[in-house]
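Please have the sequence and the model open side by side.

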Amino acid sequence: MRDMQFGITLSNRGLLLGICTAEDLLTLSEAVDRTPIMDSVWCGDALFVNRRLDALTLLAAVAGRTKRVLLGPACMGSFALRNPLVFAYEWASLDVISNGRTRLVACAGGGAGPLWEAETAAMQIAPNERRKRMIENMYVLRHLWSKNNEPFEGQFVKFTGITLEPKPVQSPCPIWLATNAQRLAQGQADAGGSEFALTQVGKIADGWMTHSVSPQGFKTSWDFILNVGSQSGRDMAGFDNVLYHHINVNGDTVAGLADSKKFLDLYYGADYTKERVKSWLTYGSPAECIADIKRYKDAGCRRMTFRISTMGDPIAQFKRLAEEVLPYVNERA
């Protein structure tokens with residue numbers, strides 16, 4: 001079994017809440033870059049819903065402050081709303097600046113409520129078009145990144161007579177897909193996600209991101225994706241995945257859970273149940289955290305990126321994670 005890889009998800013919404021600064025995020029990124037047990041830095045993305053520091057701009061800043069770590073959004077919620085020709089240029093430039101360290105994770109940026117409806121109306125994109133545009137935008141990017149002066153004609157995008165430069169360093173430059181996992185609720189079984197979304201991952205993506213799923217739900221979805229890819233004639237040996245997760249290392253499990261709930265309620269402007277918090281959180285003593293992460297590893301999870309979910313000192317939590325937890329996840333019995 002391959003070793004699990006680890007990353008940190010920056011709290012770029014925290015600037016608007018007064019719990020961190022831009023420099024704090026860049027300093028944490030540098031710490032990840034210096035920590036051999038970790039290999040990636042991620043950050044959330046949205047436009048007018050779930051407001052935060054722009055992911056593309058932040059990742060470019062992180063690229064300039066780091067040398068080694070992979071860089072990606074968790075996930076690119078604004079992907080379907082952005083002009084794909086402009087975004088292809090911007091992401092290719094980021095790949096060049098980072099010397100080929102990007103992992104683009106596309107998602108449709110679904111939601112509900114007045115803010116989400118206002119966003120789609122302002123961008124003049126019908127809500128039922130977001131997933132279709134997401135898929136088409138992936139093809140636009142791949143077209144511009146690999147071809148010169150060749151026409152493209154899709155449902156929403158058409159162009160001819162243009163060549164994009166610079167091309168990404170990576171060829172092909174990977175585009176992953178994120179799917180929402182089916183969450184545990186009212187005693188229902190955790191199946192891991194919708195078959196339609198998982199089928200798209202297996203057929204057209206270069207990797208998979210998900211969140212809020214049990215180890216069994218993860219395994220069910222991962223096996224489904226690999227099977228779809230194989231049945232589609234794809235070589236899935238190098239296909240990658242990442243679980244977007246949260247962590248709170250605390251020997252007092254009750255206090256750790258309460259600390260994370262307070263942070264996540266503030267961060268997302270919600271009042272989560274303890275069950276919801278637990279569904280995307282690893283918490284407890286180092287030994288408890290190690291055991292929990294190992295369950296995901298055994299389920300086929302190849303990467304895990306953690307948002308440090310504490311109202312206390314995130315750097316202290318980072319050190320505990322890096323020194324007391326992660327080095328022991330890949331230990332062989």
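Does R234 count as buried, partly exposed or exposed? At 25% relative accessibility, R234 counts as partly exposed; here buried means under 20% relative accessible area, exposed over 50%, and partly exposed in between, with a 1.4 Å probe and protein chains only. Before we go on, note that this is a predicted model, in which local features need pLDDT of at least 70 and side-chain atom pairs count only at pLDDT 80 or more, while totals for chains, interfaces and linings use all residues. Residues are numbered from 1 along each chain as its sequence is written, and side-chain values use heavy atoms, leaving out hydrogens and water.

The partner of R234 is D206, and their side chains form a salt bridge at 3.9 Å, N to O (a side-chain nitrogen of Lys or Arg within 4 Å of a carboxyl oxygen of Asp or Glu). This pair links distant parts of the chain, 28 residues apart: R234 lies in the loop between α8 (215–231) and β9 (240–249), D206 in the loop between α7 (195–204) and β8 (207–211). Helices (H or I, at least four residues) and strands (E, at least two) are DSSP runs, numbered from the N terminus. D206 is also partly exposed, at 25%.

Now turn to R82 and D54, whose side chains meet in a salt bridge at 2.9 Å, N to O. R82 is buried at 19%, whereas D54 is partly exposed at 28%.

Finally, look at helix α11 (residues 286–298), where R295 and D292 are three residues apart and therefore separated by about one helical turn. Their salt bridge spans 3.2 Å, N to O.
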